[in-house]
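Here is a short briefing on one protein chain. Keep the sequence and the 3D view side by side as you read.

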Amino acid sequence: MIWAILSILSGFSVATSDALLKKYLIKEKTMLLVWSRFGFASLFLLLIFPFVDVPNLDIIFWVILLMLIPLEIVALFLYVKSIQQSPLSLTLPFLAFTPLFLIPISYFALGELPSTIGIVGISLIVIGSYIINFSSSKGILGPFKALVKEKGSLMMLAVAFIYSITSAVSKIPLQRSNALFFSILYTIMIFLVLTILIFNNIKNNIKNIKNNIKGFAYSGFFYGLMILFHFIALSLVIVPYMISLKRTSSIFGVAYGWLMFKERKIAERMFGTLLMVCGAVLILLF
C-alpha cells in the first residue's frame, strides 16, 4: 500500500520540520517563519520540475486553487504560532482531529456517514485529547479547562478544521492536474502570496534570515518533502484515509518533544496521542 507509506512519511516529514523550526527559529517572527519554510520548500520542489508533466488546466482548477490559498495561509499562521507558544506534545496531537472534522464535510459533500467502528474511532480521538491535557489541571473537567487555557492547543484545533476543508477541496484541482505539478505550483503560489503580504517584514529582517539560513533550509527541506508525499498519497486514495495516517505526525511530534526539548510527562501524552491515532486508523480501516 504505497499511499499508506507515503502518508506516514508525510507525517514524519512535517513533524521533523516543526521540531527544527522550534529548535532553531523559535524566536523569529511567526510570518517570517512561515514564509521561509515555503521559500525553501519551493526551492527544493523546483529541482524536480524538469521531470514533471505540465497538464492542461481548466478554469475550475484555477478558481479552486485561488480559494485554497488564503485558507492555507491562515492555517499556516496559526500552525507556527501554536508550536511557538506551546509544547509540541500539547499541540501537534490535536491535528488528529482533522479526520473527525472530515466526517461532516464528507457527509455534506459525498453523502457519507461513519460506521459503528467509525464512531468508536471518533471516541478514541476525543478520549486521547482528554488524556493529553490531563496533567494540566485537576478534576474531571480539568483537562477541558486546560484545553481552553492552552492557546497553542486551541490554535491547532482551528488548524485541524481548516486543513479538513483544504484537504477535501484540494482533491478537485489535484484530479485535474497531477500530484507532482500540483505540489510545486501550490507551494510556489503560497510562497509568492506570502512574499507580497510580508514584504516589509522580509526587507527589515534580511540580516536575521542570513544568520538563520541553515535552520530555515533544514525546516523548509522537510516541509517540501511533506508536501510532495502529501499530494502523491492524496492522489492515490480517498481523503480521510490519507489524512488519518498522516496524523502519525502526532507520535513523531511527541517523541521530538521528549528527545529535543526535554518536555515532561511524555509517557502520559504519548498514550493520549496513541489513542488519537488509533481512532484515526479505525476511521481509515472501517
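Residues 24 or more positions apart account for 87% of the chain's contacts (heavy atoms within 4.5 Å) with a separation of 6 or more. The model is predicted: local features need pLDDT of at least 70, side-chain atom pairs count only at pLDDT 80 or more, and totals for chains, interfaces and linings use all residues. Residues are numbered from 1 along each chain as its sequence is written, and side-chain values use heavy atoms, with hydrogens and water left out.

**Whole chain**
- The chain has 16 helices and 0 strands. These are DSSP runs, numbered from the N terminus: helices are H or I, at least four residues, and strands are E, at least two.
- Of the 286 residues, 55% are buried. Buried means under 20% relative accessible area, exposed over 50%, and partly exposed in between (1.4 Å probe, protein chains only).

**Core**
- The largest nonpolar core has 76 residues, and Phe38 and Tyr223 touch the most other members. Helix α3 (residues 59–85) gives the largest share of this core, 12 residues.
- Such a core is a set of buried Ala, Val, Leu, Ile, Met, Phe, Trp, Tyr and Cys residues joined through side-chain atoms within 4.5 Å.

**Helix α15**
- In α15, Ser249, Ser250, Gly253, Val254, Tyr256 and Gly257 are buried.
- Seen down the axis of α15, the buried residues fall within an arc of 155° (taken from the directions from the helix axis to the C-beta atoms), so they line one face of the helix.
- On the other side of α15, Trp258 and Leu259 are exposed.
- Lysine 262 follows α15, and its phi is positive, near 55°.
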